[in-house]
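Hi,

Here is the structure I said I would pass on.

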Amino acid sequence: AWGPVFLEGSAKATSGKWRAAPLPQWDAGKNVSGNWGGSTTAVDTFVRLACLDYGTWHRSNPEKAQRLLDENPALSSVEIHAAAAAGEVAVVRSMLERDPALVNRRGGVLRWEPLLYACYSRLEPAANRSTLEVVRLLLARGADPNAGFLWGGTYVFTALTGAFGEGEDGINQPPHPDRDALARLLLDAGA
């Protein structure tokens, strides 16, 4: 994990506001650890692979993100932005119950609101994970359906853009797996 011993000793007042995730392991069954780096780098890598960003993203990224998540399930519980990208409804709900202001807080590797991570995620829904249901929860808790960011400092990309995908490089910019339901949900919320 990423420096948990140091954090536990020096950040006692912040107990419960951070977590340490296991380091990804190169060899199955081995348990290698490190002092610094590791889990935050792995979380950032997971999020960048899971979320369409219209830059260097490739259609094979969701499979890579899913493999990372399968190997290291704790990656999706480190912070709300990764949990939203992974479709971890229970984790997002728990984090919002502890800190309701997280609903519109920019953060994570892309400096987006949690809603955007869920809308731009390209992970396929699973029995216990759904970015569509994360969006439903976030909107119910007050997320801005018009959240967006400036791509390249010029172009406005909104949550609705994330639902549709398919920009100029359509083959590498697929729509959200639940595009139609997600777009309807966002439009009904005022997007």
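How many helices and strands does the protein chain have? There are nine helices and two strands. Bear in mind throughout that this is a predicted model. Reading from the N terminus, the order of elements is α-α-α-α-α-α-α-β-β-α-α. The chain has 191 residues, and 45% of them count as buried. If you take the contacts between residues at least 6 apart in sequence, 63% join residues at least 24 apart.

**The core**

I started with the nonpolar core. As background, nonpolar side chains tend to be buried together in soluble globular proteins. In this model the largest nonpolar core has 53 residues. Phe46, Leu115, Tyr120, Val135 and Leu186 are the ones with the most contacts inside it.

Setting aside neighbours within four places in sequence, Leu115 is in contact with Val135, Leu138, Leu139, Ala143, Asp144, Pro145, Ala147, Ala159 and Leu186. Val135 and Leu186, from the list of residues with the most contacts in the core, both turn up among those partners.

Next, H7. Is this helix mostly covered or mostly open? Mostly covered: seven of its 10 residues are buried. Those are Thr131, Leu132, Val134, Val135, Leu137, Leu138 and Leu139. What they pack against is H4, H5, H6 and H9.

Two of those pairings are worth a look, starting with H5. The axes of H5 and H7 are 9 Å apart, and the two helices pack at an angle of about 20°. Angles under 35 degrees count as roughly parallel, so H5 is roughly parallel to H7. Their crossing is right-handed. On the H5 side the contact is made by Val89, Val92, Arg93 and Leu96, and on the H7 side by Glu133, Val134, Leu137 and Leu138. Sorted by class, that contact has six nonpolar residues, two charged ones and no polar ones.

Then there is H9. The axes of H7 and H9 come within 10 Å and cross at roughly 5°. The same cut-off of 35 degrees applies, and H7 and H9 are therefore roughly parallel to each other. Here H7 uses Leu132, Val135, Arg136 and Leu139, while H9 brings Ala181, Leu182, Leu185 and Leu186. By class, this contact has seven nonpolar residues, one charged and no polar.

**A few single residues**

Val43 lies in helix H2. Its relative accessibility is 4%, and buried means under 20%, so Val43 counts as buried. Which residues does Val43 touch, leaving aside its neighbours within four places in sequence? They are Leu75, Val78, Glu79 and Ala82. Val43 and Ala82 are 39 residues apart in sequence, yet 6.9 Å apart in space, C-alpha to C-alpha.

Asn61 is in helix H3. With a relative accessible area of 8%, Asn61 is buried as well. Not counting residues up to four places away in sequence, Asn61 touches Arg48 and Leu49.

At 44% relative accessibility, Ala101 counts as partly exposed. Ala101 and Arg141 are 40 residues apart in sequence and 9.5 Å apart in space, again C-alpha to C-alpha.

The other is Arg111, which is also placed in the loop between H5 and H6. Is Arg111 buried or exposed? It has 55% relative accessibility, and since exposed means over 50%, Arg111 counts as exposed. Check its backbone while you are there: Arg111 has a positive phi of about 60° although it is not a glycine.

That is what I have so far.

Cheers

Terms used:
Residues are numbered from 1 along each chain as its sequence is written. This is a predicted model: local features need pLDDT of at least 70, side-chain atom pairs count only at pLDDT 80 or more; totals for chains, interfaces and linings use all residues. Side-chain values use heavy atoms; hydrogens and water are left out. A nonpolar core is a set of buried Ala, Val, Leu, Ile, Met, Phe, Trp, Tyr and Cys residues joined through side-chain atoms within 4.5 Å. Buried means under 20% relative accessible area, exposed over 50%, partly exposed in between (1.4 Å probe, protein chains only). Contact means heavy atoms within 4.5 Å. Axes are lines fitted to C-alpha atoms, for helices over the stretch in contact, and angles run from 0 to 180 degrees between N-to-C directions. Helices (H or I, at least four residues) and strands (E, at least two) are DSSP runs, numbered from the N terminus. Angles under 35 degrees count as roughly parallel, over 145 as roughly antiparallel, 65 to 115 as roughly perpendicular and the rest as oblique. A crossing is left-handed if the near helix is turned anticlockwise from the far one by less than a right angle, and right-handed if clockwise. Ala, Val, Leu, Ile, Met, Phe, Trp, Tyr, Cys and Pro count as nonpolar, Asp, Glu, Lys and Arg as charged, and the others, Gly among them, as polar.
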